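Please look over the model shown here. Some questions about its packing, with answers, come after it.

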Amino acid sequence: MNRFDPRTTALVLIDLQNGILALPTAPRPSSQVLESGKSLAARFRDAGATVVMVRVAFAPDFADAPPGLADQPLSPPEGGLPTDWAHLADGLAAPGDIVITKHQWGAFTGTELDLQFRRRGIRTVVLGGIATNFGVESTARHGWELGYHIVIAEDLCTSLSADLHDVSIRSILPRIARVLPSDTIVFGG
């Protein structure tokens, strides 16, 4: 088992929100990731560990979206995003959870996530969510660069295709994180 100190460990669930959960995902359906995320979050709360829910949102005109030059830039869909697109899934967040709204892939850039962790003494960050190779990987990379110990709960991750998920899980994330099944994450000495 992989034992973690609940006082210095946080769970961060990325983009488990209505608009993202509605996308087709692989290698596992988003509904499975959501249910596994709820279960792990409950275990973290029971242990007294920090739980963070991250969602991505944009202004109706996407004025707050990353402006960089890209071959496939982020742009608003015809008619805009549905009004509940950025709402966290029902039953996911609980009182006492930290909720972070981001405007790019990673949860650290342009948010108060690092500040919240440093003030709470968090040193280890357990990540899961959608999509493995976008929001989860981006957050993992930045967290690692900031000096956090990163753990990826692999069964709490999925992407837009199994290939995208697998490249991240097999080739990138093991270089900056421990990749574990969520049922091996326990609290104690």
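This is a predicted model: local features need pLDDT of at least 70, side-chain atom pairs count only at pLDDT 80 or more; totals for chains, interfaces and linings use all residues.

Residues are numbered from 1 along each chain as its sequence is written, and side-chain values use heavy atoms, with hydrogens and water left out.

Q: How is helix 4 oriented relative to helix 5: roughly parallel or roughly antiparallel?
A: Helices here are DSSP runs of H or I with at least four residues, strands are E runs of at least two, and both are numbered from the N terminus. Axes are lines fitted to C-alpha atoms, for helices over the stretch in contact, and angles run from 0 to 180 degrees between N-to-C directions. Helix 4 (residues 132-145) and helix 5 (residues 162-172) have axes 9 Å apart, at an angle of about 25°. Angles under 35 degrees count as roughly parallel, over 145 as roughly antiparallel, 65 to 115 as roughly perpendicular and the rest as oblique, so helix 4 is roughly parallel to helix 5.

Q: Which residues of helix 5 meet helix 4?
A: Contact means heavy atoms within 4.5 Å. On the helix 4 side, the residues are Thr132, Asn133, Glu137 and Arg141. From helix 5 come Leu164, His165, Ser168, Ile169 and Ile172.

Q: Is His165 buried or exposed?
A: Buried means under 20% relative accessible area, exposed over 50%, partly exposed in between (1.4 Å probe, protein chains only). His165 lies in helix 5, and its contacts beyond four places in sequence include Ala26, Pro27, Arg28, Thr132 and Glu154. Its relative accessibility is 1%, so His165 counts as buried.

Q: What kind of aromatic pair do Phe108 and Tyr148 form?
A: Rings of Phe, Tyr and Trp (its six-membered ring) pair if their centres lie within 6.5 Å; planes under 30 degrees apart count as stacked, over 60 as edge-to-face and the rest as tilted. The ring centres of Phe108 and Tyr148 are 5.7 Å apart and their planes lie at 20°. Because of that plane angle, the pair is stacked.

Q: What arc do the buried residues of helix 3 cover around the axis?
A: The buried residues of helix 3 are Leu113, Gln116 and Phe117, and they pack against strand 2 (9-14), strand 3 (50-56), strand 4 and strand 5 (124-130).

Q: How many Å separate the C-alpha atoms of Leu23 and Ile130?
A: Leu23 is in the loop between helix 1 (18-21) and helix 2 (30-47), and is partly exposed at 36% relative accessibility. Not counting residues up to four places away in sequence, Leu23 touches Ser30 and Leu160. Leu23 and Ile130 are 107 residues apart along the chain, and their C-alpha atoms are separated by 9.7 Å.
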